[in-house]
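Visitor: Please take me through this model, and tell me what stands behind each label you use.

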Amino acid sequence: MQEFVPIIMAITYFVVISIVFGLHAKRQTKSAGDFVKSSQGLGWVMVAFGFALIPLGAGHTISLWEQAPYLGASVLWWGIITAGIFTPIMMIWLGPIVRASGCANIPELLEKVIDKRFGRLNAGVNIATWTGIGAAETLATAAAVYGLGGHRLSEVLPGNPFVWCTLIALVLIILYVVFGGILQMALLNVINGFVMIVTVYLALGMTGVWLAANVGGWQPIKDVFDSMGRTTMTTQADLGNPALWFTLIIPVIVLHVTAGAVGQNMNLAFFASKSVADCRKGVFLGTAVNVLAAIPWTIMAIVATGIISSPRFEHLMPTLAGMSAEEAAKLNVVELAITALPPPILGLLMISLLCAVLSTGGCTLLANASILTNEIFKKALKPDMGEKTRFRLMYVSIFICAAFYAVPAFLNAVVFPVFLWCFSFGIPVFIIYVMGLKVRRNSKAAWITLVVSYAVNFWWTFAPVPEFMVGTPFELNMYPVTVVSLVLGILLPFVIPGGKPPLLKGGGFTGEGLKKAIALNDEAERLA
(Lines give C-alpha, C1' and ligand atoms only; values in the text may rest on other atoms or scores of the structure.)
Protein backbone atom coordinates (compact mmCIF):
# COMPACT_ATOMS: atom_id res chain seq x y z
CA MET A 1 0.00 0.00 0.00
CA GLN A 2 2.93 2.36 0.64
CA GLU A 3 3.67 2.40 -3.08
CA PHE A 4 0.37 4.18 -3.67
CA VAL A 5 0.98 6.91 -1.05
CA PRO A 6 2.64 9.43 -3.44
CA ILE A 7 -0.01 9.20 -6.15
CA ILE A 8 -2.87 9.30 -3.62
CA MET A 9 -1.34 12.37 -1.91
CA ALA A 10 -0.84 14.25 -5.16
CA ILE A 11 -4.22 13.51 -6.73
CA THR A 12 -6.06 14.29 -3.49
CA TYR A 13 -4.20 17.57 -3.10
CA PHE A 14 -4.99 18.82 -6.60
CA VAL A 15 -8.59 17.62 -6.68
CA VAL A 16 -9.35 19.25 -3.32
CA ILE A 17 -7.71 22.63 -3.94
CA SER A 18 -8.99 22.80 -7.54
CA ILE A 19 -12.57 22.24 -6.43
CA VAL A 20 -12.42 24.43 -3.29
CA PHE A 21 -10.77 27.45 -4.93
CA GLY A 22 -12.56 26.80 -8.22
CA LEU A 23 -15.98 27.05 -6.57
CA HIS A 24 -14.84 30.18 -4.71
CA ALA A 25 -13.78 31.75 -8.01
CA LYS A 26 -16.99 30.60 -9.71
CA ARG A 27 -19.09 32.65 -7.28
CA GLN A 28 -17.29 35.77 -8.53
CA THR A 29 -17.46 34.78 -12.21
CA LYS A 30 -20.74 35.94 -13.76
CA SER A 31 -19.88 36.29 -17.45
CA ALA A 32 -17.53 35.13 -20.18
CA GLY A 33 -15.60 38.37 -19.67
CA ASP A 34 -15.14 37.51 -15.99
CA PHE A 35 -14.04 34.01 -16.94
CA VAL A 36 -11.05 35.25 -18.96
CA LYS A 37 -10.40 38.72 -17.42
CA SER A 38 -11.86 38.50 -13.88
CA SER A 39 -13.26 42.01 -14.23
CA GLN A 40 -9.61 43.09 -14.44
CA GLY A 41 -9.31 42.62 -10.69
CA LEU A 42 -6.03 40.72 -10.23
CA GLY A 43 -3.59 42.48 -7.91
CA TRP A 44 0.17 42.36 -8.40
CA VAL A 45 0.80 39.22 -6.32
CA MET A 46 -1.78 37.24 -8.30
CA VAL A 47 -0.42 38.64 -11.57
CA ALA A 48 3.15 37.72 -10.58
CA PHE A 49 2.32 34.12 -9.67
CA GLY A 50 -0.34 33.87 -12.37
CA PHE A 51 2.29 34.69 -14.97
CA ALA A 52 5.44 33.18 -13.38
CA LEU A 53 4.12 29.60 -13.20
CA ILE A 54 2.96 29.52 -16.82
CA PRO A 55 6.41 29.23 -18.47
CA LEU A 56 7.51 26.63 -15.90
CA GLY A 57 5.83 23.39 -16.95
CA ALA A 58 7.84 20.58 -18.46
CA GLY A 59 10.51 23.09 -19.54
CA HIS A 60 11.70 23.75 -15.99
CA THR A 61 11.31 20.15 -14.84
CA ILE A 62 11.27 17.09 -17.11
CA SER A 63 13.08 18.72 -20.04
CA LEU A 64 15.86 19.87 -17.72
CA TRP A 65 16.46 16.49 -16.16
CA GLU A 66 16.38 14.84 -19.60
CA GLN A 67 19.16 17.11 -20.84
CA ALA A 68 21.24 17.26 -17.64
CA PRO A 69 23.12 13.96 -18.34
CA TYR A 70 24.43 15.55 -21.57
CA LEU A 71 24.79 19.26 -20.73
CA GLY A 72 25.14 19.04 -16.95
CA ALA A 73 24.36 22.10 -14.85
CA SER A 74 24.42 24.20 -18.03
CA VAL A 75 20.75 23.34 -18.52
CA LEU A 76 20.07 25.85 -15.75
CA TRP A 77 20.46 28.53 -18.41
CA TRP A 78 16.85 27.65 -19.32
CA GLY A 79 15.63 28.89 -15.94
CA ILE A 80 18.09 31.78 -15.80
CA ILE A 81 17.07 33.07 -19.23
CA THR A 82 13.37 32.66 -18.50
CA ALA A 83 13.79 34.57 -15.25
CA GLY A 84 16.34 37.16 -16.30
CA ILE A 85 15.19 37.98 -19.84
CA PHE A 86 11.71 36.67 -20.65
CA THR A 87 10.06 37.52 -17.32
CA PRO A 88 11.22 41.19 -17.20
CA ILE A 89 10.37 41.76 -20.88
CA MET A 90 6.84 40.49 -20.32
CA MET A 91 6.16 42.08 -16.94
CA ILE A 92 7.81 45.47 -17.49
CA TRP A 93 7.19 46.11 -21.19
CA LEU A 94 4.83 43.86 -23.15
CA GLY A 95 2.42 42.93 -20.34
CA PRO A 96 1.52 46.57 -19.64
CA ILE A 97 0.85 47.10 -23.36
CA VAL A 98 -1.59 44.19 -23.28
CA ARG A 99 -3.31 45.59 -20.17
CA ALA A 100 -3.63 49.10 -21.60
CA SER A 101 -4.88 47.92 -24.99
CA GLY A 102 -8.46 47.29 -23.84
CA CYS A 103 -8.45 44.08 -25.90
CA ALA A 104 -9.76 40.70 -24.76
CA ASN A 105 -7.01 38.58 -26.27
CA ILE A 106 -3.86 38.60 -28.41
CA PRO A 107 -5.62 38.01 -31.77
CA GLU A 108 -7.79 41.05 -31.07
CA LEU A 109 -4.69 43.12 -30.29
CA LEU A 110 -3.06 41.93 -33.52
CA GLU A 111 -6.16 43.12 -35.36
CA LYS A 112 -5.37 46.62 -34.09
CA VAL A 113 -1.70 46.35 -35.01
CA ILE A 114 -2.12 44.77 -38.48
CA ASP A 115 -5.65 43.92 -39.69
CA LYS A 116 -8.63 41.68 -38.93
CA ARG A 117 -7.56 38.81 -41.17
CA PHE A 118 -4.15 38.72 -39.51
CA GLY A 119 -5.80 38.52 -36.09
CA ARG A 120 -8.14 35.75 -37.23
CA LEU A 121 -5.27 33.73 -38.68
CA ASN A 122 -3.33 34.14 -35.46
CA ALA A 123 -6.35 32.85 -33.54
CA GLY A 124 -6.26 29.58 -35.48
CA VAL A 125 -2.47 29.27 -35.38
CA ASN A 126 -2.43 30.06 -31.65
CA ILE A 127 -4.87 27.25 -30.92
CA ALA A 128 -3.02 24.79 -33.17
CA THR A 129 0.50 25.46 -31.94
CA TRP A 130 -0.38 25.72 -28.25
CA THR A 131 -2.43 22.54 -28.56
CA GLY A 132 0.89 20.86 -29.34
CA ILE A 133 2.39 22.37 -26.18
CA GLY A 134 -0.72 21.42 -24.19
CA ALA A 135 -0.52 17.83 -25.42
CA ALA A 136 3.15 17.72 -24.43
CA GLU A 137 2.26 19.03 -20.95
CA THR A 138 -0.45 16.35 -20.73
CA LEU A 139 2.14 13.70 -21.53
CA ALA A 140 4.53 15.23 -18.99
CA THR A 141 1.80 15.14 -16.34
CA ALA A 142 0.93 11.56 -17.24
CA ALA A 143 4.61 10.57 -17.13
CA ALA A 144 4.94 12.10 -13.69
CA VAL A 145 1.90 10.22 -12.42
CA TYR A 146 3.12 7.01 -14.03
CA GLY A 147 6.72 7.27 -12.89
CA LEU A 148 5.95 8.10 -9.27
CA GLY A 149 3.50 5.28 -8.62
CA GLY A 150 1.03 5.15 -11.46
CA HIS A 151 2.70 2.07 -12.94
CA ARG A 152 1.21 0.16 -10.01
CA LEU A 153 -2.27 1.02 -11.30
CA SER A 154 -2.07 -2.15 -13.40
CA GLU A 155 -2.54 -4.04 -10.14
CA VAL A 156 -5.95 -2.49 -9.52
CA LEU A 157 -7.18 -1.31 -12.93
CA PRO A 158 -7.49 -3.15 -16.26
CA GLY A 159 -5.55 -2.33 -19.41
CA ASN A 160 -2.55 -0.11 -20.07
CA PRO A 161 -1.64 1.86 -16.91
CA PHE A 162 -0.24 4.78 -18.95
CA VAL A 163 -3.68 5.31 -20.49
CA TRP A 164 -5.10 5.67 -16.98
CA CYS A 165 -2.30 8.10 -16.10
CA THR A 166 -3.12 10.17 -19.20
CA LEU A 167 -6.80 10.25 -18.21
CA ILE A 168 -5.81 11.39 -14.71
CA ALA A 169 -3.62 14.09 -16.27
CA LEU A 170 -6.45 15.40 -18.46
CA VAL A 171 -8.88 15.48 -15.53
CA LEU A 172 -6.40 17.42 -13.37
CA ILE A 173 -5.70 19.92 -16.17
CA ILE A 174 -9.43 20.52 -16.73
CA LEU A 175 -10.08 20.90 -12.99
CA TYR A 176 -7.38 23.58 -12.83
CA VAL A 177 -9.52 26.15 -14.69
CA VAL A 178 -13.00 24.82 -15.41
CA PHE A 179 -14.86 26.35 -12.46
CA GLY A 180 -13.62 29.93 -12.31
CA GLY A 181 -11.35 30.56 -15.28
CA ILE A 182 -8.54 33.07 -14.85
CA LEU A 183 -9.40 33.85 -11.22
CA GLN A 184 -9.29 30.16 -10.30
CA MET A 185 -5.99 29.73 -12.15
CA ALA A 186 -4.44 32.78 -10.47
CA LEU A 187 -5.53 31.65 -6.99
CA LEU A 188 -4.15 28.15 -7.58
CA ASN A 189 -0.89 29.54 -8.98
CA VAL A 190 -0.33 31.66 -5.87
CA ILE A 191 -0.87 28.66 -3.59
CA ASN A 192 1.00 26.22 -5.79
CA GLY A 193 3.89 28.63 -6.29
CA PHE A 194 4.66 28.57 -2.57
CA VAL A 195 3.93 24.83 -2.27
CA MET A 196 6.12 24.02 -5.28
CA ILE A 197 9.19 25.83 -3.96
CA VAL A 198 8.86 24.53 -0.39
CA THR A 199 8.22 20.89 -1.32
CA VAL A 200 10.89 20.59 -4.03
CA TYR A 201 13.58 22.00 -1.73
CA LEU A 202 12.43 19.77 1.11
CA ALA A 203 12.79 16.77 -1.23
CA LEU A 204 16.20 18.03 -2.38
CA GLY A 205 17.33 18.32 1.25
CA MET A 206 16.17 14.78 2.00
CA THR A 207 17.98 13.58 -1.11
CA GLY A 208 21.12 15.25 0.25
CA VAL A 209 20.74 13.34 3.52
CA TRP A 210 20.44 10.05 1.59
CA LEU A 211 23.42 11.00 -0.58
CA ALA A 212 25.60 11.69 2.48
CA ALA A 213 24.65 8.35 4.03
CA ASN A 214 25.04 6.18 0.92
CA VAL A 215 27.57 7.90 -1.34
CA GLY A 216 29.53 10.18 0.97
CA GLY A 217 28.02 13.48 -0.10
CA TRP A 218 28.39 15.68 -3.19
CA GLN A 219 32.17 15.40 -3.60
CA PRO A 220 32.17 11.74 -4.73
CA ILE A 221 29.62 12.64 -7.44
CA LYS A 222 31.83 15.50 -8.60
CA ASP A 223 34.85 13.16 -8.57
CA VAL A 224 33.03 10.75 -10.90
CA PHE A 225 32.61 13.45 -13.54
CA ASP A 226 36.15 14.79 -13.03
CA SER A 227 37.56 11.29 -13.63
CA MET A 228 35.58 11.11 -16.89
CA GLY A 229 36.93 14.46 -18.06
CA ARG A 230 33.51 16.08 -17.68
CA THR A 231 34.29 18.75 -15.10
CA THR A 232 31.70 21.11 -16.59
CA MET A 233 28.91 18.73 -15.53
CA THR A 234 28.76 20.45 -12.16
CA THR A 235 29.01 24.04 -13.35
CA GLN A 236 26.69 25.98 -15.62
CA ALA A 237 29.38 28.52 -16.56
CA ASP A 238 30.38 26.52 -19.64
CA LEU A 239 30.21 29.62 -21.82
CA GLY A 240 33.15 28.60 -23.97
CA ASN A 241 31.14 25.71 -25.39
CA PRO A 242 29.63 26.72 -28.79
CA ALA A 243 27.12 23.84 -28.58
CA LEU A 244 25.73 25.34 -25.38
CA TRP A 245 25.11 28.66 -27.10
CA PHE A 246 23.60 27.30 -30.31
CA THR A 247 21.54 24.43 -28.87
CA LEU A 248 20.35 25.97 -25.60
CA ILE A 249 21.03 29.62 -24.75
CA ILE A 250 20.16 31.30 -28.07
CA PRO A 251 17.13 29.06 -28.82
CA VAL A 252 15.71 29.57 -25.32
CA ILE A 253 16.09 33.35 -25.57
CA VAL A 254 14.58 33.62 -29.04
CA LEU A 255 11.79 31.07 -28.66
CA HIS A 256 10.70 32.05 -25.15
CA VAL A 257 10.55 35.75 -25.90
CA THR A 258 8.91 35.53 -29.32
CA ALA A 259 6.40 32.72 -28.80
CA GLY A 260 5.65 33.82 -25.24
CA ALA A 261 5.02 37.44 -26.14
CA VAL A 262 2.30 36.57 -28.66
CA GLY A 263 0.90 33.52 -26.84
CA GLN A 264 -2.53 34.06 -25.30
CA ASN A 265 -1.67 31.83 -22.33
CA MET A 266 1.41 33.88 -21.37
CA ASN A 267 -0.66 37.08 -21.43
CA LEU A 268 -3.78 35.94 -19.55
CA ALA A 269 -2.71 37.40 -16.21
CA PHE A 270 -1.89 40.77 -17.81
CA PHE A 271 -5.29 41.05 -19.50
CA ALA A 272 -6.87 40.45 -16.06
CA SER A 273 -4.65 42.75 -13.96
CA LYS A 274 -6.09 45.70 -12.04
CA SER A 275 -3.74 48.19 -13.66
CA VAL A 276 -0.59 48.66 -15.71
CA ALA A 277 1.32 49.09 -12.44
CA ASP A 278 0.12 45.69 -11.21
CA CYS A 279 1.75 44.08 -14.26
CA ARG A 280 5.13 45.41 -13.16
CA LYS A 281 5.25 45.29 -9.37
CA GLY A 282 5.89 41.56 -9.06
CA VAL A 283 8.77 41.30 -11.53
CA PHE A 284 11.35 40.34 -8.88
CA LEU A 285 8.98 37.77 -7.40
CA GLY A 286 8.33 36.24 -10.82
CA THR A 287 12.06 36.18 -11.57
CA ALA A 288 12.88 34.45 -8.28
CA VAL A 289 10.22 31.76 -8.77
CA ASN A 290 11.50 30.89 -12.25
CA VAL A 291 15.12 30.53 -11.12
CA LEU A 292 14.39 28.68 -7.89
CA ALA A 293 12.05 26.19 -9.57
CA ALA A 294 14.72 24.97 -12.01
CA ILE A 295 17.61 24.27 -9.63
CA PRO A 296 16.50 21.17 -7.63
CA TRP A 297 15.50 19.10 -10.68
CA THR A 298 18.87 19.76 -12.31
CA ILE A 299 20.83 18.85 -9.17
CA MET A 300 18.89 15.62 -8.73
CA ALA A 301 19.46 14.67 -12.38
CA ILE A 302 23.20 15.28 -12.05
CA VAL A 303 23.33 13.18 -8.86
CA ALA A 304 21.47 10.31 -10.54
CA THR A 305 23.76 10.48 -13.59
CA GLY A 306 26.87 10.42 -11.38
CA ILE A 307 25.59 7.39 -9.46
CA ILE A 308 24.88 5.25 -12.50
CA SER A 309 28.14 6.37 -14.18
CA SER A 310 30.29 4.92 -11.40
CA PRO A 311 30.90 1.19 -10.80
CA ARG A 312 31.14 2.06 -7.09
CA PHE A 313 27.61 3.41 -6.83
CA GLU A 314 25.57 2.01 -9.73
CA HIS A 315 24.22 -0.78 -7.50
CA LEU A 316 22.21 1.88 -5.63
CA MET A 317 20.01 2.40 -8.71
CA PRO A 318 20.22 -0.88 -10.66
CA THR A 319 17.12 -0.12 -12.74
CA LEU A 320 18.77 2.89 -14.36
CA ALA A 321 22.15 1.18 -14.67
CA GLY A 322 20.63 -1.43 -16.98
CA MET A 323 18.93 1.09 -19.29
CA SER A 324 20.13 2.86 -22.40
CA ALA A 325 21.40 6.41 -21.91
CA GLU A 326 18.23 7.85 -23.48
CA GLU A 327 15.90 5.81 -21.28
CA ALA A 328 17.92 6.60 -18.16
CA ALA A 329 17.79 10.33 -18.94
CA LYS A 330 13.98 10.26 -18.95
CA LEU A 331 13.73 8.47 -15.60
CA ASN A 332 16.82 9.61 -13.67
CA VAL A 333 15.07 11.92 -11.22
CA VAL A 334 12.10 9.58 -10.83
CA GLU A 335 14.30 6.60 -9.95
CA LEU A 336 16.48 8.66 -7.62
CA ALA A 337 13.39 9.95 -5.82
CA ILE A 338 11.91 6.45 -5.48
CA THR A 339 15.25 5.19 -4.14
CA ALA A 340 16.15 8.04 -1.81
CA LEU A 341 12.87 9.40 -0.46
CA PRO A 342 10.29 7.91 1.92
CA PRO A 343 6.77 7.72 0.39
CA PRO A 344 5.38 10.90 2.05
CA ILE A 345 8.31 13.03 0.82
CA LEU A 346 8.07 11.36 -2.58
CA GLY A 347 4.41 12.41 -2.62
CA LEU A 348 5.38 16.02 -1.85
CA LEU A 349 7.95 15.98 -4.64
CA MET A 350 5.27 14.74 -7.02
CA ILE A 351 2.99 17.58 -5.91
CA SER A 352 5.80 20.05 -6.69
CA LEU A 353 6.27 18.54 -10.14
CA LEU A 354 2.54 18.66 -10.87
CA CYS A 355 2.35 22.28 -9.66
CA ALA A 356 4.68 23.16 -12.53
CA VAL A 357 3.18 21.09 -15.34
CA LEU A 358 -0.48 21.63 -14.42
CA SER A 359 -0.09 25.41 -14.23
CA THR A 360 1.14 25.44 -17.83
CA GLY A 361 -1.31 22.83 -19.08
CA GLY A 362 -4.31 24.45 -17.37
CA CYS A 363 -3.46 27.97 -18.47
CA THR A 364 -2.89 26.88 -22.07
CA LEU A 365 -6.26 25.11 -21.99
CA LEU A 366 -7.98 28.27 -20.75
CA ALA A 367 -6.22 30.43 -23.35
CA ASN A 368 -7.22 28.14 -26.23
CA ALA A 369 -10.81 27.94 -24.98
CA SER A 370 -10.96 31.75 -24.76
CA ILE A 371 -9.77 32.19 -28.36
CA LEU A 372 -12.05 29.40 -29.63
CA THR A 373 -15.09 30.99 -27.98
CA ASN A 374 -14.45 34.66 -28.72
CA GLU A 375 -12.59 34.63 -32.02
CA ILE A 376 -14.09 31.60 -33.78
CA PHE A 377 -17.50 30.75 -32.30
CA LYS A 378 -18.55 34.36 -31.75
CA LYS A 379 -16.76 36.64 -34.24
CA ALA A 380 -16.43 34.21 -37.14
CA LEU A 381 -19.60 32.10 -36.77
CA LYS A 382 -22.19 34.07 -34.76
CA PRO A 383 -21.34 37.77 -34.22
CA ASP A 384 -24.71 38.46 -32.54
CA MET A 385 -24.18 35.77 -29.89
CA GLY A 386 -25.60 36.70 -26.48
CA GLU A 387 -23.49 36.93 -23.33
CA LYS A 388 -25.15 33.95 -21.64
CA THR A 389 -24.54 31.75 -24.67
CA ARG A 390 -20.92 32.91 -24.86
CA PHE A 391 -20.45 32.13 -21.15
CA ARG A 392 -21.82 28.61 -21.57
CA LEU A 393 -19.67 28.09 -24.65
CA MET A 394 -16.56 28.84 -22.58
CA TYR A 395 -17.17 25.63 -20.63
CA VAL A 396 -17.86 23.68 -23.82
CA SER A 397 -14.67 25.07 -25.37
CA ILE A 398 -12.59 23.88 -22.43
CA PHE A 399 -13.68 20.29 -23.02
CA ILE A 400 -13.22 20.63 -26.79
CA CYS A 401 -9.67 21.91 -26.33
CA ALA A 402 -8.96 19.17 -23.78
CA ALA A 403 -10.07 16.65 -26.42
CA PHE A 404 -7.54 18.25 -28.80
CA TYR A 405 -4.86 17.54 -26.18
CA ALA A 406 -6.06 13.98 -25.68
CA VAL A 407 -5.67 12.65 -29.22
CA PRO A 408 -1.89 13.13 -29.60
CA ALA A 409 -1.37 12.36 -25.91
CA PHE A 410 -3.11 8.98 -26.14
CA LEU A 411 -1.25 8.19 -29.35
CA ASN A 412 2.00 9.18 -27.61
CA ALA A 413 2.71 11.17 -30.76
CA VAL A 414 4.06 14.30 -29.07
CA VAL A 415 7.66 14.45 -27.91
CA PHE A 416 9.52 17.35 -26.44
CA PRO A 417 11.06 18.56 -29.73
CA VAL A 418 7.49 19.73 -30.44
CA PHE A 419 8.31 22.76 -28.29
CA LEU A 420 10.95 23.82 -30.80
CA TRP A 421 8.62 23.57 -33.79
CA CYS A 422 5.52 25.06 -32.15
CA PHE A 423 7.42 27.97 -30.63
CA SER A 424 8.97 28.82 -34.01
CA PHE A 425 5.55 29.92 -35.26
CA GLY A 426 5.73 32.85 -32.85
CA ILE A 427 8.97 34.29 -34.26
CA PRO A 428 7.55 36.18 -37.31
CA VAL A 429 4.41 37.19 -35.41
CA PHE A 430 6.53 38.73 -32.63
CA ILE A 431 8.65 40.75 -35.07
CA ILE A 432 5.56 41.98 -36.94
CA TYR A 433 3.90 42.80 -33.58
CA VAL A 434 6.82 44.85 -32.21
CA MET A 435 7.36 46.64 -35.53
CA GLY A 436 3.67 47.50 -35.65
CA LEU A 437 3.68 48.79 -32.09
CA LYS A 438 6.64 51.17 -32.26
CA VAL A 439 8.22 51.36 -35.74
CA ARG A 440 5.89 51.00 -38.73
CA ARG A 441 2.74 49.07 -39.67
CA ASN A 442 2.23 47.54 -43.09
CA SER A 443 -0.40 44.90 -43.67
CA LYS A 444 1.04 43.58 -46.96
CA ALA A 445 4.53 43.37 -45.49
CA ALA A 446 3.18 41.52 -42.46
CA TRP A 447 1.45 38.88 -44.58
CA ILE A 448 4.49 38.30 -46.81
CA THR A 449 6.74 37.97 -43.75
CA LEU A 450 4.37 35.53 -42.12
CA VAL A 451 3.78 33.31 -45.16
CA VAL A 452 7.45 33.05 -46.13
CA SER A 453 8.58 32.41 -42.54
CA TYR A 454 5.97 29.67 -42.06
CA ALA A 455 7.00 28.08 -45.37
CA VAL A 456 10.63 28.00 -44.17
CA ASN A 457 9.50 26.50 -40.86
CA PHE A 458 7.63 23.68 -42.59
CA TRP A 459 10.47 23.10 -45.05
CA TRP A 460 13.14 22.80 -42.34
CA THR A 461 10.88 20.55 -40.24
CA PHE A 462 9.50 18.11 -42.81
CA ALA A 463 11.81 18.27 -45.86
CA PRO A 464 15.54 17.52 -46.07
CA VAL A 465 17.67 20.39 -44.81
CA PRO A 466 19.96 21.87 -47.50
CA GLU A 467 23.14 19.82 -47.51
CA PHE A 468 25.51 22.75 -46.96
CA MET A 469 23.71 23.53 -43.67
CA VAL A 470 23.91 20.02 -42.23
CA GLY A 471 26.15 20.06 -39.17
CA THR A 472 25.73 23.82 -38.65
CA PRO A 473 23.40 25.67 -36.26
CA PHE A 474 21.18 26.38 -39.28
CA GLU A 475 20.19 22.73 -39.28
CA LEU A 476 17.86 23.75 -36.43
CA ASN A 477 14.64 25.22 -37.86
CA MET A 478 14.67 28.13 -35.44
CA TYR A 479 17.68 29.82 -37.04
CA PRO A 480 16.49 30.13 -40.67
CA VAL A 481 13.01 31.13 -39.43
CA THR A 482 14.55 33.85 -37.25
CA VAL A 483 16.77 35.23 -40.03
CA VAL A 484 13.97 35.27 -42.60
CA SER A 485 11.54 36.86 -40.11
CA LEU A 486 14.03 39.58 -39.12
CA VAL A 487 15.05 40.49 -42.66
CA LEU A 488 11.53 40.55 -44.10
CA GLY A 489 9.81 41.86 -40.98
CA ILE A 490 12.13 44.87 -40.63
CA LEU A 491 12.75 45.78 -44.28
CA LEU A 492 9.41 45.14 -46.01
CA PRO A 493 7.31 47.67 -44.00
CA PHE A 494 9.52 50.43 -45.46
CA VAL A 495 9.79 48.97 -48.98
CA ILE A 496 6.17 48.02 -49.73
CA PRO A 497 3.76 50.95 -50.23
CA GLY A 498 0.83 51.38 -47.87
CA GLY A 499 2.59 51.63 -44.54
CA LYS A 500 1.11 53.44 -41.54
CA PRO A 501 2.53 54.98 -38.38
CA PRO A 502 3.06 52.56 -35.48
CA LEU A 503 0.17 51.89 -33.11
CA LEU A 504 1.96 53.52 -30.18
CA LYS A 505 3.40 56.51 -32.00
CA GLY A 506 4.23 59.08 -29.33
CA GLY A 507 2.32 57.09 -26.74
CA GLY A 508 5.20 55.72 -24.75
CA PHE A 509 4.93 52.46 -22.87
CA THR A 510 3.39 53.46 -19.58
CA GLY A 511 -0.11 53.83 -18.24
CA GLU A 512 -2.05 56.78 -19.57
CA GLY A 513 0.30 57.34 -22.50
CA LEU A 514 -0.45 53.86 -23.77
CA LYS A 515 -4.18 54.26 -23.34
CA LYS A 516 -4.14 57.62 -25.09
CA ALA A 517 -2.15 56.31 -28.07
CA ILE A 518 -4.45 53.33 -28.53
CA ALA A 519 -7.59 55.47 -28.14
CA LEU A 520 -6.30 57.92 -30.78
CA ASN A 521 -5.54 55.04 -33.13
CA ASP A 522 -9.03 53.57 -32.63
CA GLU A 523 -10.60 56.94 -33.42
CA ALA A 524 -8.49 57.33 -36.57
CA GLU A 525 -9.47 53.84 -37.71
CA ARG A 526 -13.15 54.63 -37.09
CA LEU A 527 -13.02 57.86 -39.09
CA ALA A 528 -11.14 56.13 -41.92
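Guide: What follows is a set of labels, each set against its cut-off.
This is a predicted model, in which local features need pLDDT of at least 70, side-chain atom pairs count only at pLDDT 80 or more, and totals for chains, interfaces and linings use all residues. Residues are numbered from 1 along each chain as its sequence is written, and side-chain values use heavy atoms, with hydrogens and water left out.

Visitor: Why is T305 called buried?
Guide: Buried means under 20% relative accessible area, exposed over 50%, partly exposed in between (1.4 Å probe, protein chains only). T305 has 7%, so T305 is buried. T305 sits in helix α14 (residues 283-308). Helices here are DSSP runs (H or I, at least four residues), numbered from the N terminus.

Visitor: What does T305 touch, leaving out residues up to four places away in sequence?
Guide: P69, F225, M233 and N332. Contact means heavy atoms within 4.5 Å.

Visitor: What makes D226 and K222 a salt bridge?
Guide: The rule asks for a side-chain nitrogen of Lys or Arg within 4 Å of a carboxyl oxygen of Asp or Glu. The closest N and O atoms of D226 and K222 are 3.2 Å apart, and the pair counts as a salt bridge. Both lie in helix α10 (residues 218-227), 4 residues apart, so about one helical turn separates D226 and K222. An α-helix has 3.6 residues a turn, so residues three or four places apart point the same way.

Visitor: How many salt bridges does this rule give?
Guide: The count is 7. One of them joins E111 and R120, at 3.8 Å from N to O. E111 is buried at 16%, whereas R120 is partly exposed at 35%. E111 and R120 also belong to a salt-bridge network with E108, E375 and K379.

Visitor: Why is D384 called exposed, and K382 partly exposed?
Guide: D384 has 61% relative accessibility, so D384 counts as exposed. K382 has 42%, so K382 counts as partly exposed. The side chains of D384 and K382 meet in a salt bridge, 3.6 Å from N to O.

Visitor: How do you know that the span of helix α8 is close to the expected one?
Guide: The expected span is 1.5 Å times one less than the number of residues. Helix α8 (residues 161-175) has 15 residues, and 21 Å is expected. From first C-alpha to last, α8 reaches 21 Å. The buried residues of α8 include C165, A169 and L172.

Methods: Helices (H or I, at least four residues) and strands (E, at least two) are DSSP runs, numbered from the N terminus.
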